[in-house]
Amino acid sequence: MAKLIELKGITKSYDGECVLNSIDLYIRDGEFITLLGPSGCGKTTTLRIIGGFETADEGQLYFDGAEISDMPPYKRQVNTVFQKYALFPHLNVYENIAFPLRMKKIPEEDIKKRVGDMLKMVALLGFENKSVSTLSGGQQQRVAIARALVSHPKVLLLDEPLGALDLKLRKDMQNELKTIQKAIGITFVYVTHDQEEALSMSDTVVVMADGEIQQIGTPTDIYNEPKNAFVADFIGESNIIDGIMLQDKKVRFAGHTFDCVDGGFEKNEAVDVVVRPEDVDVVDIEKGMLTGQVTSVTFKGVHYEIIVDIKGFKWMIQSTDYVAPDANIGLYIEPDAIHIMKKSKYSGKFGDYSSFSDEIDLLSDADSAEEF
Amino acid sequence: MKNKKSLMSSIMAAPHIFWAVLFIVLPLIIVVFYAFTDANGNFSFSNIASLGDYAPIFGLSLELAVIATAICLLIGYPLAYIISKASPKSQKFFMMLLMLPMWTNLLIRTYSIMAILDDGGFLNSIFGAVFNVDEPLFHIVGTKGAVIFGMVYDFLPYMVLPIYTCISKIDKHMWEAASDLGCTPIQTLIKVILPLSMSGIISGVTMVLVPSISTFYISQKLGGGTFEVIGDTIERQFVTGALNVGAAISLIMMILILISITVMNKFSDEDGGIIV
């Protein structure tokens with residue numbers, strides 16, 4: 001797949017505060033790429049620069065090989081689905097979708113056909129004459145998608161488009177968006193702070209934090225081979241432990257030497273070790289590579305979430321078997337469940353569950369819903 | 001919930017109701033009474049019937065008011081648009097500049113304009129001195145232009161304020177969405193912003209047209225007594241004691257204004273009803 005959009009050294013500051021620090025990124029034709037990160041990481045700003053609503057302080061933006069850094073939005077072959085839809089309240093559903101075609105002075109019969117096709121695609125046939133303000137959130141979202149796609153853009157930008165929808169509708173729309181993207185085969189650039197959404201929809205995930213790209217990769221790469229402690233923590237749950245790489249495929253952490261599958265580090269290099277909670281097996285205490293005391297057990301439906309204190313470090317373990325609180329248990333970790341990362345500025349900031357609580361997670365989710 | 005009005009809320013509303021009855025409803029009844037009676041207090045249609053005589057004055061008033069309103073709109077819309085697009089700090093400053101003249105009484109402002117524009121006024125003295133002529137160079141006061149100028153000067157803020165409020169309330173994503181979907185800045189203004197600010201335009205037009213059509217002070221001072229608008233006529237009736245004819249003209253004016261506001265409200269969007 002050819003490079004369709006390319007960002008080179010894109011830098012942007014607001015009031016002296018750097019929100020994007022020399023971003024290099026290319027987006028291939030026809031892929032579903034997601035910019036994922038917490039509130040304030042610069043993902044929305046990146047999207048707005050591609051859309052033309054912001055201009056970068058430094059760096060160049062290329063579209064199909066030509067530089068478009070200073071091109072106004074109305075000349076770009078890129079359309080946007082805005083976070084709050086931004087439908088025109090003075091126009092009905094039909095006229096909202098027909099709007100970009102009217103701007104291009106397309107003949108009336110063509111407009112009728114294309115708007116009809118779009119309404120069919122988003123399952124809103126029969127809604128033509130309704131006022132957009134009478135539609136539900138999900139319906140408004142569909143109108144916004146139809147309006148953005150009707151003029152056949154090469155790229156669709158989506159700025160947290162499902163943020164305002166409830167969970168059930170959100171899941172449905174995720175599937176629908178993916179289906180639409182496959183059906184029309186254009187590039188989707190999707191912005192979200194929801195890691196699950198990113199993993200389930202994307203071909204490529206770009207994890208961002210503090211105005212920098214942390215990692216670019218397929219969802220499985222990002223999950224299985226996180227590059228640093230930030231990515232490991234942000235995508236899914238992770239135990240991140242300080243370790244020492246004794247030699248290739250031998251790592252020592254938590255007072256035990258483990259076999260692993262990674263190599264290519266210096267001898268005795270200090271590293272971050274990631275172990276996913278679902279990859280830890282609970283065994284009898286004498287069979288365990290590590291032993292610890294259970295401090296809390298929470299039933300989560302599919303599994304129990306168990307917090308285990310191992311030499312003062314709190315691990316999270318997900319197990320389908322119940323373990324009693326305060327019990328001493330053994331833990332067994334397969335070599336391929338151990339992922340080794342180089343030390344980064346995020347080392348030591350994440351991956352310890354001693355202050356863990358679901359409420360803190362919820363709080364940090366709520367404030368990221370509104371990002372600019 | 002509505003029929004469960006508490007005693008407390010009735011008590012709280014009482015002063016307002018009393019005020020409204022005393023100063024709005026009662027005067028209206030008195031106006032209607034005078035309009036349909038003769039000097040002796042007998043029921044009569046003669047006041048209403050005589051209104052045909054004032055048709056040319058009605059026409060002139062309407063002409064001046066419509067022109068003044070149109071000029072206010074032409075100046076006021078771009079002004080409101082520019083202010084609403086400025087930085088928050090500049091917006092405050094511009095709004096203050098706009099409101100500043102309104103701190104001065106309307107009569108005093110009008111009188112000052114007269115002092116400036118008069119044949120022997122400030123403007124003519126300055127130019128007279130510069131070009132060394134004794135005759136006034138500009139004859140402004142006493143023309144329709146002067147009256148229209150006065151109306152525009154006095155009522156412009158009433159046009160700018162509602163439009164400014166309306167434009168600044170438009171979601172900023174509307175601009176971005178329009179641009180995203182292929183609108184140049186001019187097309188965005190015409191296709192999106194103008195329709196979305198229609199309720200502000202209608203409020204502004206109403207708030208300028210109504211006082212312009214019924215003004216008497218501006219036309220007296222800046223018209224230089226050369227012509228009469230309907231406000232002058234009404235004033236003259238009351239000053240000379242012809243209360244019944246004055247009441248009849250006022251009543252008709254009121255009805256005409258009510259009709260025009262109702263018509264204009266039809267063009268406004270559903271949520272933007274206007275109260276003047």
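**Close-up views of a predicted two-chain model**

View 1. B:A115 is part of helix α5 of chain B, which covers residues 106–117. The model shown here and in the other views is predicted.

**View 2. Packing of helices α3 and α10 in chain B.** Helix α3 of chain B runs over residues 55–85, and helix α10 of chain B over residues 198–214. The two helices pack at an angle of about 145°, and their axes are 9 Å apart. The crossing of α3(B) past α10(B) is right-handed. Which residues of α3(B) meet α10(B)? They are B:S61, B:L62, B:A65, B:A68, B:T69, B:C72, B:L73 and B:G76. On the α10(B) side, the residues are B:I201, B:G204, B:V205, B:V208, B:L209, B:S212 and B:I213. Sorted by class, this contact of α3(B) with α10(B) contains 10 nonpolar and 5 polar residues, and no charged ones.

**View 3. The side of chain B that touches chain A.** Between the two chains, 15 residues of chain B are in contact with 19 residues of chain A. On the chain B side, the elements that give two or more residues are α8 (172–180) and α9 (185–196). Helix α8(B) gives the most to this side, with 6 residues. The residues of chain B that touch chain A divide by class into 7 nonpolar, 5 polar and 3 charged.

**View 4. The two domains of chain A.** Chain A is divided into domain 1, residues 3–224, and domain 2, residues 229–366. The C-alpha centres of these two domains of chain A lie 36 Å apart. How many residues of domain 1 are in contact with domain 2 in chain A? There are 8, and they are in contact with 5 residues of domain 2. The elements of domain 1 that give two or more residues to this side are β9 (204–209), β10 (212–217) and α7 (219–224) of chain A. By class, the side of domain 1 that touches domain 2 in chain A has 5 nonpolar and 3 polar residues, with no charged residues.

Conventions
Residues numbered from 1 in each chain as written. Chains lettered and ligands numbered in written order. Predicted model: local features only at pLDDT ≥ 70, side-chain atom pairs only at ≥ 80, totals over all residues. Contact = placed C-beta atoms within 7 Å. Helix = DSSP H or I, 4+ residues; strand = E, 2+ residues; numbered from the N terminus. Nonpolar A, V, L, I, M, F, W, Y, C, P; charged D, E, K, R; others polar. Axes fitted to C-alpha atoms, helices over the stretch in contact; angles between N-to-C directions. Left-handed = near helix turned anticlockwise from the far one by under 90°. Domains from an automatic or database assignment.
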